[in-house]
Amino acid sequence: MNEEGVTILRVQQAQYSIREMIQERKQKKRIQIERFIPSILLLTAAVSILTTLGIVFTLIFETITFFKEVSVSEFFTADKWYPFAEAASYGVMPLVLGTLKITMIAALVAVPIGLATAIYLSEYASEKTRRVIKPILEVLAGVPTIVYGFFALTFVTPVLRSIFPSLEMFNALSPGLVVGIMITPMIASLSEDALVSVPRAMREGALALGSTKLEVTLKVVLPAAISGIVASIVLALSRAIGETMIVSVAGGSTPSLNMDVTTSIQTMTAYIVQVSTGDAGYGTTIYYSIYAVGMTLFLFTLVMNLLAQYISRKVREEY
Amino acid sequence: MKLIDKTIVAKKMPIRLVRNTILKGLFFLATTFGLLVLGILLYRIFTQGIGYLDWDFFQNFASRRPEEAGIKAALIGSIWLMLVVAPVALLLGLGTAIYLEEYAKKNWFTSFIKLNISNLAGVPSIIFGLLGLTIFVRALALERSVLAAGLTMSLLVLPVIIVAAQEAIRSVPRELREASYGMGATKWQTIVRVVLPAAIPGILTGSILALSRAVGETAPLVVVGIPMFIAFLPKTVFDTFTVLPMQIYNWTSRPQEEFQSVAAAGILVLLFLLIFMNSIAVFIRNKFQKRY
């Protein structure tokens, strides 16, 4: 504001007393608006709670409808998932096993690579290297999963088949590896946060005793950060369980109850996609089955997310 | 004066030092693995897709013949989706963040909302699809419209926006608020005229990243039942439509070899869109973020 403006303002203000100004303000509508604002904002905050309630109730109600047609014991104990067959069989185990296969392969890729990346970035890399590599990892985490699915089907599977000729076109190995690549940045970045937050003094103490950098890392820093690291792994595996597009593009649609990773599989998420893209009429048993499978998936990931929160909150060491 | 003679140290602990060097190399190799994969992925998709990427590709609708297939419907559809997701998710996310940071008292209800938001962030996106299918498509009878899909996507990215906005609001220093109160401003005036303008760069950065996630997400839309083969453009938010990831999914799952190249071309467009959005976010972060 220029000087002239300030003078005008002063002159105007001088004509009121402060008391009058406050009096006048209180009568303005603004004060009444002020009272409603918190309630309106509370309403927007309630949407997130409504979303959770919506998810839980949708899943519960439609799952109950499903269990009116298919017995609970069949769902948990039958060893075949053949909803499209004449004599349909709804045993969820093959889908769960398919999901676990993918998760396991992903973990075998992502845990060592993610952890090694975290250690390199927090303990060995210079500030400069870190500033180059971290954003690239973020890009890797931001690639849409359909792109990873395409990559798994058109690049990883053919490469793997040239190494293992017995590998089927759709298999567990290829999407498992790619899901692993997808969750690696998550483990790397969350574990790095945990490693970096270990105080310098602990490292310096160990170094002063004559340890090499590796010994400091493995015997002092890693144990101190272990809760954060475990939490990051649990979170990343929960993400792998819920991953959808990679497994439905490259994993196939054959639910099977074996430990073979070279054959076609089906995961919980891929089944939901298969039914959604086909035309299972509204109200059929198949339609309701996607909610039962969704419920199983939801419970799996919920337990893992709560576990990760519990680990990072309760087991955290205070320095 | 050198207190430690490094040659003597090296002589005393050769195995331990070698082990340190080898492991350091391994850690570095693991770090470059991610970069390598990203490089291969981009190279593969670029060489596969670039041949199909011409003006016709943007002009044509989906087609059964790969040489005529285009992404017009999908590209416009993705923009339509953003027109619903951006205002809905931003308003809800910002409202929640302001409530939690400025108004909420520290009680069980507030911590319940916070716990709920962090759990919601971990729910698989396909579950949001089931929610959208049941509530928006069936119960509210919105059918497979832009609106139904947009609301589903808004709920999906809501936790990300809330957390980003909370952090941005929290980083506005107390002094600014107190100065505003000192001048006689009310709480809401302070929030709208002082806190929000100061927090806008952080909010925008987080929101654009959340929106770019919505642009790339496929699973919820598959479950909601958004069609993949469409040869017209939506006119209102109640019309049906398709989006880029759905179109790519459709091309990927076709048996003909040529459609793989079409899919790769579609992916190039999608990645370009995402890189563009991310650059805007980075630009805003660098240009406007103030440190107090």
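Colleague: How do the residues of the lining of the second largest pocket divide into nonpolar, polar and charged?

Modeller: In this predicted model, the lining of that pocket divides into 20 nonpolar, 15 polar and five charged residues.

Colleague: And what volume does the second largest pocket have?

Modeller: The volume of the second largest pocket comes to about 780 Å³. Helix 11 (245-250), helix 12 (268-277) and helix 13 (285-314) of chain A each give two or more residues to its lining, and so do helix 6 (125-139), helix 10 (219-224) and helix 11 (244-252) of chain B.

Colleague: Which element gives the largest share of that lining?

Modeller: Helix 12 of chain A gives the largest share of the lining of the second largest pocket, with six residues.

Colleague: Which residues should I click on to find the centre of the second largest pocket?

Modeller: Of the 40 residues that line the second largest pocket, those nearest its centre are V273(A), Q274(A) and T277(A) from chain A, together with M228(B) and Y249(B) from chain B.

Colleague: Which residues line the largest cavity?

Modeller: On the chain A side the lining consists of I113(A), T117(A), L137(A), L140(A), I181(A) and T184(A), and on the chain B side of A30(B), T31(B), F33(B) and G34(B).

Colleague: Which helices do they come from?

Modeller: Helix 5 (93-124), helix 6 (127-142) and helix 8 (173-196) of chain A each supply at least two residues to the lining of the largest cavity, as does helix 2 (14-49) of chain B. The largest share of that lining, four residues, is from helix 2 of chain B.

Colleague: Stepping back to chain A as a whole, what is its secondary structure?

Modeller: Chain A has 13 helices and two strands, and 50% of its 319 residues count as buried.

Colleague: What is the radius of gyration of chain A, against that of a compact globule of 319 residues?

Modeller: The radius of gyration of chain A is 28 Å, whereas a compact globule of 319 residues would have one near 20 Å. The C-alpha trace of chain A spans about 90 × 65 × 35 Å along its principal axes. Among the contacts in chain A between residues at least 6 apart in sequence, 70% join residues at least 24 apart.

Colleague: Why does E74(A) count as partly exposed?

Modeller: E74(A) counts as partly exposed because its relative accessibility is 24%. E74(A) belongs to helix 4 (residues 72-77) of chain A, and its contacts, apart from neighbours within four places in sequence, are with A88(A), S89(A), Y90(A) and G91(A). The C-alpha atoms of E74(A) and S89(A) are 8.0 Å apart, with the two residues separated by 15 residues along the chain.

Colleague: Over in chain B, where does T205(B) lie, and what does T205(B) touch?

Modeller: T205(B) lies in helix 9 (residues 187-216) of chain B and is buried, with a relative accessible area of 5%. Not counting residues up to four places away in sequence, T205(B) touches A281(B), I284(B) and R285(B).

Colleague: What about A141(B), where is that one?

Modeller: A141(B) is in the loop between helix 6 and helix 7 (146-170) of chain B, and A141(B) has a positive phi of about 55 degrees although it is not a glycine. E143(B) is found in the loop between helix 6 and helix 7 of chain B, and E143(B), not a glycine either, has a positive phi of about 55 degrees.

Colleague: Last one, which residues of helix 5 of chain B are buried?

Modeller: The buried residues of helix 5 of chain B are T110(B), I113(B), N116(B), I117(B), N119(B) and L120(B). This helix, residues 108-121, has 14 residues and reaches 20 Å from its first C-alpha to its last, close to the 20 Å expected at 1.5 Å a residue.

Conventions
Residues are numbered from 1 along each chain as its sequence is written. Chains are lettered from A and ligands numbered from 1 in the order in which they are written. This is a predicted model: local features need pLDDT of at least 70, side-chain atom pairs count only at pLDDT 80 or more; totals for chains, interfaces and linings use all residues. Side-chain values use heavy atoms; hydrogens and water are left out. On a 1 Å grid over the protein atoms alone, a cavity is a set of points where a 1.4 Å probe fits but cannot get out, and a pocket is an open set with protein on both sides within 12 Å along at least five of seven lines; lining residues have an atom within 4 Å of a point. The expected span of a helix is 1.5 Å times one less than its number of residues. Buried means under 20% relative accessible area, exposed over 50%, partly exposed in between (1.4 Å probe, protein chains only). The radius of gyration is taken over C-alpha atoms; the globule rule is 2.2 Å times the number of residues to the power 0.38. Contact means heavy atoms within 4.5 Å. Grid points are joined across faces, edges and corners, and a volume is the space filled by probe spheres set on the points. Ala, Val, Leu, Ile, Met, Phe, Trp, Tyr, Cys and Pro count as nonpolar, Asp, Glu, Lys and Arg as charged, and the others, Gly among them, as polar.
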